[in-house]
Amino acid sequence: MLEVNGIKKVYEGKSRTVEAVRNLTFTLQKGEFACLVGPSGSGKTTLLKIMSGLLDPTAGEVLLDGKRVDGPPPGMAIVFQEYGRSLFPWMSVRENVELPLKQKKVPAARRKELVDESVAAVGLADVHSAYPWQLSGGMQQRVAIARAIAYEPQVLLMDEPFAAVDAQTRADLEDLVRDLWHRFQVTTLFVTHDIDESVYLGQRVIVLSSSPTVIRDDVAIDLPEERDQLHTRSSPRFAELRARVFEQIHRPVEGQAHGVATHAPDVIAPSGATAVSATSDGGH
Ligand SMILES: Nc1ncnc2c1ncn2[C@@H]1O[C@H](COP(=O)(O)OP(=O)(O)OP(=O)(O)O)[C@@H](O)[C@H]1O
Ligand SMILES: [Mg+2]
């Protein structure tokens, strides 16, 4: 359904040229839930901007249902990291969720249904008439998720959406996203730099190297479909999978001096990763 073919992005600046992404190729099947994990600066946001038609690649192309993406495709929704900047403060929760539906020219009666359903699905029915600034950070991020779901996208892209919320809220939002994916079966690409989160959430983890960015690994997550924060995260299989992802992120780049481009200090290391031996920096 979604094909990323040989994407390369070089930012040409006056003083410096940055090769943000060297060569990325992968495919998402309809209804699939994949996570993309990579260190800070590895070009994850760059890739999402290219996939959503907000930025032109230097080389390669993105195809949605066989059609080349060259501007924001109507069937795609994005949830950004900075919820504070993605909601309009002068609009209520309802109005924020409804806005893209108006732009999509959905009839009023259907808009009401979609807003009611999605606001309830994220547990905000009680505060549907509140303004974003009256809500906590986690609630604001729920509004952003409700807005994306109400839009009924074919593809949902999420760029580190939970980076700014506390651990408990984050765990709740992770389970919410899994629950919504089960209910709506939307094709989802979730970007994170948290290895544990990437393993917990989806069916597959695409592992990026540090810059110059290439795909290191594509790991099938064969954990049981029924997941919960306590049991899934403490299972032996979970530990094996996160160790594998950790190892791939920290594996030295071929042809480069040991330890040079291999540091990934901004990737949250799994707490049980001390058994990993192939890292450049002794495991942390
Ligand atoms: N508009 C831009 N102009 C020039 N360089 C840019 C621009 N946007 C990003 N870059 C550079 O491209 C590289 C990748 O940036 P990007 O934001 O895509 O990384 P990221 O993986 O999303 O990082 P993070 O995890 O910190 O969000 C970085 O070196 C960054 O400095
Ligand atoms: Mg980013």
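Helices (H or I, at least four residues) and strands (E, at least two) are DSSP runs, numbered from the N terminus. This is a predicted model, in which local features need pLDDT of at least 70, side-chain atom pairs count only at pLDDT 80 or more, and totals for chains, interfaces and linings use all residues. Residues are numbered from 1 along each chain as its sequence is written, while chains are lettered from A and ligands numbered from 1 in the order in which they are written.

**Ligand 1**

- Around ligand 1 there are 13 residues (C-beta atom, placed from the backbone, within 6 Å of the molecule), and Tyr11, Ala20, Ser40, Thr45 and Thr46 come nearest.
- Strand S2 (17-28) and helix H1 (44-51) each supply at least two residues of this shell, and H1 gives the most, with three residues.

**Helices H3 and H4**

- The axes of H3 (residues 93-103) and H4 (residues 108-121) come within 10 Å and cross at roughly 125°; axes are lines fitted to C-alpha atoms, for helices over the stretch in contact, and angles run from 0 to 180 degrees between N-to-C directions.
- Val93, Arg94, Val97, Glu98 and Leu101 in H3 meet Arg111, Leu114, Val115, Ser118 and Val119 in H4, where contact means C-beta atoms, placed from the backbone, within 7 Å.

**Leu87**

- Leu87 lies in the loop between helix H2 (83-86) and H3.
- Leu87 is buried (20 or more other C-beta atoms within 10 Å of its own), because 23 others lie within 10 Å.
- Not counting residues up to four places away in sequence, Leu87 touches Asn96, Pro132, Gln140, Val143 and Ala144.
- Leu87 and Val143 are 56 residues apart in sequence and 8.2 Å apart in space, C-alpha to C-alpha.

Technical notes
Contact = placed C-beta atoms within 7 Å. Buried ≥ 20, exposed ≤ 12 C-beta atoms within 10 Å, placed from the backbone.
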